Amino acid sequence: MGERHGTPVRVAVVGPFSGPRAAWGELLTRAVRARTGAGAIVWEAHDDLGDADRAARVAEAVVADGGYAAVIGHFNSMGAARALPHYRAAGLPLLLPLATMPGLLDGTRGALRWCPDDTGQVAAIHRAAAELGLGTPSVTHDGSAYGRALARRFEAWATPSGTGSGLPSGTPSSTPPDTSPDSSPDASPVTVSHGEPGPAPDPASPPGGDPAPRATVVCGTHFGAAATARSLGERGLAGARFFTDDCAVEDFARLLGPEGAGDARVVALRGGPEAQVEAAFDCLVRALGEEPDARGERLLEVLRRHAWIAFTDHGDPVDAADAAGWEVVPVRDLVHRTARTPRPVATDVVVVGAGVVGAVTAAALAEQGLSVALASPGPDAPSATAWSGGLVRAYDPDPELRALAVRSHRLLWGGDPGRAAACGFHRTGSLVLLGRADVDEARRGLAELRAQRIEAELLAPAEIRRRWPDLALGDEVAAGLFEPGGGYASPAATAAFHRTAAVRHGAMVLPYGPVRTLGPHPDGVEVGTAAGTVVAGQVVVAAGGGAPELLGERLTARLGPVAPRTKRIRYAFFASGGREVPAVNDLTTGMWGRPERHGPLSGTHLTGRPVEEWDVPPTGGEALDDAQVAHIREGAARRWPWIADAPFRGGRFGADLYHPDGPLLGHLPGDPPVVASVCWSGGGFKTAPGAAERTVELVRAALGR
């Protein structure tokens with residue numbers, strides 16, 4: 001693993017291994033120590049002292065060496081900003097576990113960042129102060145460039161363009177970062193109220209006669225913030241203390257001392273900064289294990305597949321500005337949070353399956369405060385998600401599925417536009433073609449959608465032809481239910497977005513490998529994986545076509561005499577010629593289709609036709625033979641006549657688990673305790689958020705939460 005043509009693969013690890021910020025470098029040292037001797041990756045340390053100028057010089061030396069596959073580190077954001085142009089010019093991938101400056105990667109490529117940015121920590125501290133009844137805290141900094149930049153972000157919060165512009169929901173502050181080289185911890189602390197920072201006020205005479213603040217945020221490096229806090233105490237400025245994220249290391253508690261730590265609190269990356277470092281190292285090990293020869297852009301592509309979180313095109317996590325990635329904890333707890341401990345072997349819930357259903361479920365459970373472990377055979381393992389067409393609508397002819405789809409629309413697809421966009425959602429409109437026997441149920445469904453304020457209408461055939469002349473209808477089509485807010489999304493992006501949310505809320509990703517056994521344990525379930533066992537209170541199986549092998553007779557006992565079966569799904573892409581048509585689900589023929597507006601197949605129309613191929617392996621691929629393409633084309637031409645002569649651009653096939661009674665979402669009989677979320681029959685994508693919400697209810701009740 002990690003060996004290129006018999007030569008060890010070299011990785012540069014850059015951080016503050018000496019100097020006043022060396023406590024942060026220890027996180028890198030621990031990560032390297034844990035991976036030394038595994039495979040043929042050679043980790044080579046480079047000390048940047050946490051200083052921007054030195055970081056630039058280190059980057060120049062690493063690039064000049066010419067022998068490194070990747071760089072991991074540069075915790076100092078300003079140093080990372082100075083180093084980035086050197087790595088980018090050389091095509092050398094940079095992994096940033098803890099550089100939190102907003103906008104760091106804007107307009108750049110060649111780097112991936114694991115941590116959320118500083119926008120969220122501002123929101124987290126204000127939220128914590130409000131929950132403690134402390135009001136809006138005053139702000140001071142240690143005189144360093146880092147401290148000044150953060151202080152200005154807190155100042156932006158308190159102005160109409162800060163709080164009023166939605167910073168709590170993740171909108172970055174418009175205040176530019178301070179990029180001056182001054183990083184002296186000895187500068188006098190300053191207090192920010194409005195406008196530019198100025199000297200700290202005399203505590204005996206607060207400005208404007210206002211009472212002394214009940215709380216103060218101290219922004220800066222961990223050693224500088226400690227000195228500033230001591231200075232505030234010496235000058236009689238009392239009140240609660242909040243410290244920014246550079247202080248979230250064990251060394252900071254020692255610098256403050258028992259008396260200074262007291263009730264002081266620090267904002268930290270949720271789960272601790274070490275979790276981000278470990279995740280970045282694990283990703284690089286997995287990527288180089290798969291493709292030791294990968295370099296440059298290719299290595300970045302492989303890294304994205306193995307990261308388990310979703311990135312923007314520039315390399316930021318998709319939730320970079322979200323406060324969910326931050327928490328405020330007592331300073332006295334830092335000793336326990338930053339000390340390296342073995343990976344957890346016990347958790348509230350293990351979710352088996354990291355496709356859309358599993359990922360959305362893991363995120364929903366973690367957001368409720370449950371400890372979650374996510375098990376998956378790996379990013380390249382067969383899954384229904386990998387080959388899903390991603391159609392999104394709220395209507396389904398089955399009332400139970402419709403209820404889940406409607407709820408999912410409220411939770412995700414028709415909710416926060418930013419969340420939907422991060423899942424690759426394209427609003428094309430959704431049209432369900434109805435036979436005469438389908439119309440009465442459609443009317444009931446229409447009323448339910450409208451009751452939930454989901455825009456929808458029932459269209460006569462003549463109106464359908466008028467709106468979409470490129471869509472053909474036969475006499476069997478009696479009406480169509482149209483949702484302007486429907487369309488399609490990227491299944492891969494949706495799963496990655498929710499895996500990111502799960503990780504941000506503390507979920508642990510287990511080492512790759514199938515779950516082999518589920519056995520009873522005094523605390524619940526013993527989950528046997530390729531890497532060992534994990535004990536959980538509950539297990540949720542969302543493994544699609546792999547569920548029958550894992551669950552065996554327990555699954556059939558719950559479903560009845562008819563066993564679930566895998567069924568082939570197959571679709572093709574045909575050139576659309578610029579035609580504008582909505583996503584279509586045809587209940588009269590079983591055909592489905594939608595425009596493809598992104599990626600290498602942009603400008604095509606995805607078209608699927610059912611096939612009676614049962615009990616197939618739960619695998620997929622992109623190779624269709626001529627007969628399969630002709631079968632799809634023949635059926636498609638009934639609704640999209642132009643497809644009869646349209647060029648074929650590619651195709652895909654996969655499989656999903658079907659049962660005549662529909663999906664199974666509930667507890668299985670017997671022991672150990674298992675919740676199954678299976679047999680979605682191709683409909684799991686549009687219903688996953690609603691299904692996850694119900695799964696949370698089942699798990700919490702079983703755990704007594």
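Predicted model: local features only at pLDDT ≥ 70, side-chain atom pairs only at ≥ 80, totals over all residues.
Burial extends to 11 of the 12 residues of H11, so the helix is largely enclosed by the rest of the structure. The buried residues are Val-356, Val-357, Gly-358, Ala-359, Val-360, Thr-361, Ala-362, Ala-363, Ala-364, Leu-365 and Ala-366.

## Length and end of H11

H11 comprises residues 356-367. At 1.5 Å a residue, its 12 residues should span 16 Å, and the end C-alpha atoms are 16 Å apart, so the two values agree. Just after H11, Gly-369 has a positive phi of about 90 degrees.

## Gln-538 in strand S25

Strand S25 (residues 532-541) contains Gln-538. Because its relative accessibility is 4%, under the 20% cut-off, Gln-538 counts as buried. Leaving aside neighbours within four places in sequence, Gln-538 contacts Asp-348, Val-349, Val-350, Val-525, His-667, Pro-673, Val-675, Val-699, Ala-702 and Leu-703.

Pro-93 belongs to the loop between helix H3 (77-90) and strand S5 (94-96). With a relative accessible area of 1%, Pro-93 is buried.

Leaving aside neighbours within four places in sequence, Pro-93 is in contact with Ala-69, Ala-70, Val-71, Gly-110, Gly-296, Leu-299 and Leu-300. Pro-93 and Leu-300 are 207 residues apart along the chain, and their C-alpha atoms are separated by 6.5 Å.

Technical notes
Residues numbered from 1 in each chain as written. Heavy atoms only, no water. Helix = DSSP H or I, 4+ residues; strand = E, 2+ residues; numbered from the N terminus. Buried < 20%, exposed > 50% of the residue type's maximum accessible area, 1.4 Å probe, protein only. Contact = heavy atoms within 4.5 Å. Expected span 1.5 Å × (residues − 1).
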